[in-house]
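Welcome, and take a moment to turn the model around on your screen. The report below walks through it one part at a time.

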Amino acid sequence: MFYLKYRPKTVSELDNSEVKEKLKNILSSKDLPHAFLFVGAKGTGKTSTARILAKAVNCLNNKFSQKNDSFEPCNQCQNCLSIDKSSFPDVFEIDAASNRGIEEARNIIYQTNFLPMAGRFRVFIIDEAHMITNEGFNALLKTLEEPPKTAIFILATTNPEKIPQTIASRCFLLNFGKAKVKDIISMLKRITKKENLEFDEEILKLIAKHSDLSFRDAAKLLEEVTRQNLKSKEEIEAFLGVLGRENFLEILEKKDEKLTFSFLEQFAQKGGSFKNLIEELLEKLRLSLLVKKGVSNDLDYQTKLSEKEISLLIKLLLEAYSSLKITPIESLPLEIALAEFYERTKNKNS
Ligand SMILES: Nc1ncnc2c1ncn2[C@@H]1O[C@H](COP(=O)(O)OP(=O)(O)OP(=O)(O)O)[C@@H](O)[C@H]1O
Ligand SMILES: [Mg+2]
Ligand SMILES: [Zn+2]
């Protein structure tokens with residue numbers, strides 16, 4: 001799996017440029033924060049960064065062990081290797097969302113009473129930290145108020161608003177946000193180079209834009225495109241569901257039923273993603289609605305459809321979108337939605 005194989009293992013391999021800079025500064029400075037709050041959307045590198053940090057402070061071959069000036073983990077010493085294998089006795093990784101979350105949180109607090117066994121710091125990585133119970137947060141707060149010198153806490157979360165302010169204010173905040181398209185492209189380039197794959201920048205950009213701004217999703221899309229041996233821009237666009245989307249809205253405007261259904265049939269045969277197609281239509285219709293409402297005057301989104309028709313179409317597409325999870329035939333929800341759209345707008349002037 002590309003996304004696991006190419007998980008960044010050093011600070012400089014992090015493609016998230018802002019996080020990289022901040023982390024460099026922290027690791028170069030004299031005083032390390034004893035608690036971090038990693039905030040960011042899925043697949044933006046919170047877990048990867050937490051592991052890099054845990055390795056860096058426990059590595060046997062860098063500045064933390066006074067071997068040289070580098071703050072990077074060497075990824076070769078015994079400590080780095082056993083952290084990678086999750087078998088290092090001083091690094092604790094818990095998922096606060098799991099059933100055992102509470103129990104494990106207790107264990108963590110208990111473990112902070114002890115000195116590191118094999119490394120310099122005991123690092124406690126708490127994933128999905130917003131799921132910690134009130135009781136758990138209270139216990140954690142006590143520990144954060146008087147932190148042991150040899151402990152580092154890393155709280156990672158996609159929902160920062162659920163972290164009590166008392167906790168957050170005691171942590172060094174590292175904001176991962178969503179991944180930037182240019183950063184995703186540089187990750188994709190890193191992978192294609194190592195895998196000896198040839199893709200135009202334009203195609204990598206297309207993949208990045210369809211990745212939900214998640215490094216993980218982008219790596220998965222690239223792997224899927226490679227696995228299916230898709231080469232041309234057309235094939236890849238079809239796969240991502242962007243094939244002729246401009247034209248498709250024009251077909252809808254014309255209310256040409258035959259053309260609509262043959263487009264969808266072709267789209268399905270080429271293996272296009274209906275999820276992406278519906279997402280794109282919704283995005284575009286929303287912008288068209290804003291134009292109709294006078295909020296925007298973007299010429300790209302002027303349409304022959306009436307305001308009512310746009311609203312109806314949005315509603316039907318949203319229904320289709322939620323049916324995607326349960327339909328045995330991927331094209332079906334969109335086909336039904338559009339059939340209904342035509343049915344309900346027939347004989348009415350637009
Ligand atoms: N900064 C980055 N640079 C390059 N690749 C990255 C970066 N962040 C994440 N990735 C890729 O995305 C994958 C997932 O990253 P990671 O597990 O660290 O994300 P996460 O933020 O913890 O996500 P989640 O919230 O879903 O747990 C990694 O295995 C790696 O392939
Ligand atoms: Mg994670
Ligand atoms: Zn090392």
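Three helices each supply at least two residues of the shell around ligand 1: helix 1 (2-5), helix 3 (46-58) and helix 10 (215-227). The model you are looking at is predicted. In it, 21 residues surround ligand 1, and the closest are Gly45, Lys46, Thr47, Ser48 and Phe215. Sorted by class, this shell has 8 nonpolar, 8 polar and 5 charged residues.

**The overall layout**

Now step back to the whole protein. It is divided into domain 1 (2-177), domain 2 (179-240) and domain 3 (242-350). The centres of domain 1 and domain 3, taken over C-alpha atoms, are separated by 45 Å. Along the principal axes, the C-alpha atoms fill a box of roughly 80 × 45 × 40 Å.

The protein has 16 helices and 5 strands. Of its 350 residues, 36% are buried. Among the contacts with a separation of 6 or more, 71% are between residues 24 or more positions apart.

The 5 strands form an open sheet with parallel pairing, in the order 2-3-4-1-5. At the edges are strand 2 (91-95) and strand 5 (172-177), each of which pairs on one side only. From one strand to the next, the twist averages 15°.

| Strand pair | Sense | Bridges |
|---|---|---|
| Strand 3 (residues 122-127) and strand 4 | parallel | 5 bridges |
| Strand 1 and strand 4 | parallel | 5 bridges |
| Strand 1 (residues 35-40) and strand 5 | parallel | 5 bridges |

Phenylalanine 124 stands opposite phenylalanine 153 in strand 4. Alanine 35 stands opposite phenylalanine 153 as well. Further along, valine 39 has threonine 157 in strand 4 as its bridge partner. Towards strand 5, phenylalanine 36 stands opposite phenylalanine 172, while leucine 37 has leucine 173 as its bridge partner.

How many residues of strand 4 (residues 151-157) are buried? The count is 7 of its 7 residues, so to speak a strand that is mostly covered. Both of its faces are covered: Ala151, Phe153, Leu155 and Thr157 are buried on one side, and Ile152, Ile154 and Ala156 are buried on the other. Strand 1 has 5 of its 6 residues buried, so it is largely enclosed by the rest of the structure.

**Helix 11 and its neighbours**

Let us move on to helix 11 (residues 233-240). Ile236, Glu237, Ala238, Phe239 and Leu240 are buried in this helix. What do the buried residues of helix 11 pack against? Their partners are helix 9 (201-209), helix 10, helix 13 (257-269) and helix 14 (274-292). Just after helix 11 comes glycine 241, which takes a positive phi of about 90°.

To finish, look for isoleucine 26, found in helix 2 (residues 17-28). Is isoleucine 26 buried or partly exposed? A residue counts as buried if 20 or more other C-beta atoms lie within 10 Å of its own, and as exposed if 12 or fewer do. Isoleucine 26 has 18 other C-beta atoms within 10 Å, so it is partly exposed. Not counting residues up to four places away in sequence, isoleucine 26 touches Leu32 and Pro33.

Conventions
Residues are numbered from 1 along each chain as its sequence is written. Chains are lettered from A and ligands numbered from 1 in the order in which they are written. This is a predicted model: local features need pLDDT of at least 70, side-chain atom pairs count only at pLDDT 80 or more; totals for chains, interfaces and linings use all residues. Helices (H or I, at least four residues) and strands (E, at least two) are DSSP runs, numbered from the N terminus. Two residues are in contact if their C-beta atoms, placed from the backbone, lie within 7 Å. Domain bounds come from an automatic or database domain assignment. A residue is near a molecule or strand if its C-beta atom, placed from the backbone, lies within 6 Å of it. Ala, Val, Leu, Ile, Met, Phe, Trp, Tyr, Cys and Pro count as nonpolar, Asp, Glu, Lys and Arg as charged, and the others, Gly among them, as polar. Two strands pair if DSSP finds at least two bridges between them. Axes are lines fitted to C-alpha atoms, for helices over the stretch in contact, and angles run from 0 to 180 degrees between N-to-C directions.
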